[in-house]
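Open the model in your viewer and keep the selection tool at hand. The stops below are meant to be followed in order.

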Amino acid sequence: MYSLLSYLPTKKNKWMMEINQEVETILRDMIHQREKAILKGENTRNDLLGILLETNIRESQEAGIKNAMKTEDIIDECKLFYIAGHETTTASLTWALILLSMHPEWQDRAREEVKELFGESKPGYDGLSKLKIVTMILHEVMRLYPPINFLERRAAAEVKVGKVTYPPGAHFMLPFIFLHRDPESWGPDANEFKPERFAEGISKASVQGAFLPFGGGPRVCIGQNFSMLEAKLCLIRILQHFRFELSPAYAHAPYNLVTMQPQYGAQIIIRRC
Ligand code: HEM
């Protein structure tokens, strides 16, 4: 039903289609430029698109076919990586700043850890793996405000879940928000911000399958380690230089707009420290 509605020629749909076409034109040009550079022997392997295109060209040549992956497939990959990779990490960092503003004691503990490990310098790889408090905080943020709210799956064949048998094609939705706040899995304080529950890692914080911000199984988020690293780096740099608190203009209203967003924005007062 939803996909049918998106094809109707409404003002909003037309606007979205125009934006989509513009994005695809930019990406198509970029891909063709890169492909030309690769064929000329120039080094383009310094990012994901470069690696993808070089692998595609090499594998197509080895298999003796024109394009193992068509330009349209590569455009789709670029859009997927941009949307899946950007919006999600942005949302988790936004909620991290909001929650650390609401809980200044955790903000102080995170800053202390960061200063102890890195002082004022740029974080190095060794120190990043030693971060404990910041990792606990990020997990707790994603438990309470998972950037992606639910997973969808369609049954490829008849499947039995518990006592119910579902036919092939049955559509399943798994809302993380309920799993992540279920008192049976997390205890009576499930709705409270308590990063200490992750002190001994994810597996000891609750029961198996109760914490799924990156999904699970064969389609688990491919960018989960990268995004944790990215979020830690950003948070470290912010904590090293700034203190932050919520502005009186902030109204707490989480809502779901592809990713979980603060509906009226995240008004935060930031001061140098
Ligand atoms: C806080 C950050 C992120 C969260 C919460 C998140 C969450 C998710 C979730 C829930 C899924 C669906 C998994 C499933 O179906 O089981 C997913 C898939 C995916 N994510 Fe992420 N993600 C994040 C960051 C990233 C980043 C940084 C990238 C890329 C650099 C990325 C790339 C992808 C891709 C390509 C898929 C599709 C994988 C597939 O279907 O095989 N994500 N992500």
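Is T259 buried or exposed? Select T259 to begin. The model is predicted, and in it T259 has a relative accessibility of 2%. Buried means under 20% relative accessible area, so T259 counts as buried.

Now show the secondary structure around this residue. T259 belongs to strand β7, which covers residues 259-262.

Next, zoom out and colour the chain by domain. Domain 1 takes in residues 1-69, and domain 2 takes in 94-272. Between the C-alpha centres of domain 1 and domain 2 there are 31 Å.

Move on to the ligand and select the residues around it. The shell consists of 24 residues. The closest of them are L151, R153, G216, R219 and C221. Colour the shell by class: 14 of its residues are nonpolar, 8 are polar and 2 are charged.

Then ask where the shell comes from. At least two of its residues are supplied by each of α4 (71-102), β1 (150-154) and α11 (224-241). Which of the elements gives the most to the shell around the ligand? The answer is α4, with 7 residues.

Look at individual atoms next. Select R153: one of its polar side-chain atoms is 2.8 Å from an oxygen atom of the ligand. Select R219 as well, where a polar side-chain atom lies 2.9 Å from a ligand oxygen atom.

In the chain, C221 sits in the loop between α10 (202-205) and α11. The unreviewed UniProt entry carries a "binding site" annotation that covers C221.

Finally, check how accessible C221 is. Its relative accessibility is 30%. The partly exposed class runs between the 20% limit for buried and the 50% limit for exposed, so C221 counts as partly exposed. T259, where the tour began, counts as buried.

Key:
Residues are numbered from 1 along each chain as its sequence is written. This is a predicted model: local features need pLDDT of at least 70, side-chain atom pairs count only at pLDDT 80 or more; totals for chains, interfaces and linings use all residues. Side-chain values use heavy atoms; hydrogens and water are left out. A residue is near a molecule or strand if one of its heavy atoms lies within 4 Å of it. A polar contact is a pair of N or O atoms within 3.5 Å; within protein, one must be able to donate a hydrogen and the other to accept it, and residues adjacent in sequence count only if both atoms are side-chain atoms. Helices (H or I, at least four residues) and strands (E, at least two) are DSSP runs, numbered from the N terminus. Ala, Val, Leu, Ile, Met, Phe, Trp, Tyr, Cys and Pro count as nonpolar, Asp, Glu, Lys and Arg as charged, and the others, Gly among them, as polar. Domain bounds come from an automatic or database domain assignment. UniProt positions are given in the numbering used here, feature names are shortened, and annotations may be inferred rather than shown by experiment. Buried means under 20% relative accessible area, exposed over 50%, partly exposed in between (1.4 Å probe, protein chains only).
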